[in-house]
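Reader: I am new to this structure. Please take me through how to read the meeting of two chains.

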Protein chains: 2
Amino acid sequence: MGRTLVYPRVQKNTVHRKDDRATYDLHTIHSIINETPVLLISFNSSDPEDPFPTILPMIGTMGSFAYPSADLNDPLECYLHGYVSSGCMKQARAHPESGLAITIAATKVDGIVLSLTPNSHSYNYRSAVLFGYGSLVEDAEEKLWAMQLVTNSVLPGRWDHTRTPPDKAEMASTTILKVKIVNGSGKIRTGGPGDEKKDTEREDLLQRVWTGVVPMWETAGEPVAGGDGRVEDVPEHVRAFRDDTNKVNEKYAKTAAVEKT
Amino acid sequence: MGRTLVYPRVQKNTVHRKDDRATYDLHTIHSIINETPVLLISFNSSDPEDPFPTILPMIGTMGSFAYPSADLNDPLECYLHGYVSSGCMKQARAHPESGLAITIAATKVDGIVLSLTPNSHSYNYRSAVLFGYGSLVEDAEEKLWAMQLVTNSVLPGRWDHTRTPPDKAEMASTTILKVKIVNGSGKIRTGGPGDEKKDTEREDLLQRVWTGVVPMWETAGEPVAGGDGRVEDVPEHVRAFRDDTNKVNEKYAKTAAVEKT
């Protein structure tokens, strides 16, 4: 058994409501981030008059260029690649020293929890939030490493099955944002419905209202060939991704429906 | 055919990158919000020294108490109910006049787009962002209406199949945040992979790299009885939700894999 690192509990990241569902465990939080296909990142507008934080969907994954063998239990950076508006990149460039303050969120729905009364309805879910400072990766070696990391986070092994490495023009046009994490927290709900005594004592309700969980999970369907490639058979790395994803997601949701962890 | 309303294009909500995927259409944006089980909302910390926007997962839906028959093409408010930290509620209360500036985001992944080279990889997805001012619903009639609206947005018809109305204690402890929307935008990607000429002209690549789409969708599994209710058979409103969800989600993802809309 290795170390179990946790993010420090400060006012900013402490879960106040239903805090028995909270986690500060690095491994758990990093896993939720890595298992979520699209992250949402939030940061403040460069216009001090604009009160609305910007939110962008982005592809990202946890990793450590300095310690590539680091695992999910270790302190890691978050590497983001995706729909970075030029505005976001301009802002990251405008903070070369400190980086741009960014909040990263990932949420997975694992089931709908149906109880006796609307107020006790809930979702089974996994949610993670990270706070950190983002800056553009300028080092060519780290950038290439991060591009490979992110590509393989979308579909394991994909990098080696495509035309790589990126050419000069692609390296120049691609931006990778590296977020140094300063804190984070997670929240997880599992298990069946729970109701209050005032309702569970009412025989008429118990006889009338169905209670339970509808498990929910992200399914990968049969791959559909398209685009320019002429390979007919779906390759092993794509098939394995589909099978693994479905097996893991379905099992998690079905287990969460009946077991409180 | 009715009106087709759009959110005004201003600097804040204009999509700059891949703007052929952008939409400002109310119906489309409101649909993405309503079809996403858990929304992420973002707002600034009350501490001016804290640079990180807060992000919270919340349950919410679009609606109009003033015009209950309004449809998704009409101007609507967003009603939020869920893991509102006390901090969020305190902040909303601290802005009784203007409301708390909130950004609301919803993202659905519809497929993984696998192309010849990592840079042209993508997701099929639907993403919506709304900007608005949130305040607590104080009017008892509107609050009850919103609680019913939100419950039925989780699972159609659920309100009537549970113990309602909420009692005095539940009404007092429940908070509903109503966000008056001032602007919004959406972004949608559909279709198969697209690569650049420099790669599609290389016969060796076309023969080596499989290209296509892995459709992805949220699946509802077989409902699992649990909790205190004693009804054995899964009721029709739960069964119908499951069947409809799976049919709609699977069809959308599979169509998006092959058709550019």
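Reader: Which residue stands opposite B:Gly212 in β8(B)?

Author: A:Ala225 stands opposite B:Gly212. Bear in mind that this is a predicted model. The strands here are β9 of chain A (residues 224–225) and β8(B). They pair in the antiparallel sense, over two bridges.

Reader: How is the size of an interface given?

Author: The size is often given as the accessible area lost when the parts come together. Between chain B and chain A, about 8800 Å² is buried. Carbon and sulfur atoms give 61% of that area. The contact takes 103 residues from chain A and 103 residues from chain B.

Reader: How many salt bridges are there between chain B and chain A?

Author: The count is eight. One of them joins the side chains of B:Asp167 and A:Lys198, at 2.8 Å from N to O. Strand β8 of chain B (residues 212–220) gives the largest share of the side that touches chain A, nine residues. By class, that side of chain B has 52 nonpolar, 28 polar and 23 charged residues.

Reader: How are two copies of a chain related?

Author: By a rotation about an axis and a shift along it.

Reader: Through which surface do the copies meet?

Author: Through the same surface, because 100% of the interface residues of chain B are also interface residues in chain A.

Conventions
Residues numbered from 1 in each chain as written. Chains lettered and ligands numbered in written order. Predicted model: local features only at pLDDT ≥ 70, side-chain atom pairs only at ≥ 80, totals over all residues. Heavy atoms only, no water. Contact = heavy atoms within 4.5 Å. Buried area = accessible area lost by both parts, 1.4 Å probe. Salt bridge = Lys/Arg side-chain N within 4 Å of Asp/Glu carboxyl O. Helix = DSSP H or I, 4+ residues; strand = E, 2+ residues; numbered from the N terminus. Nonpolar A, V, L, I, M, F, W, Y, C, P; charged D, E, K, R; others polar. Pairing = 2+ DSSP bridges.
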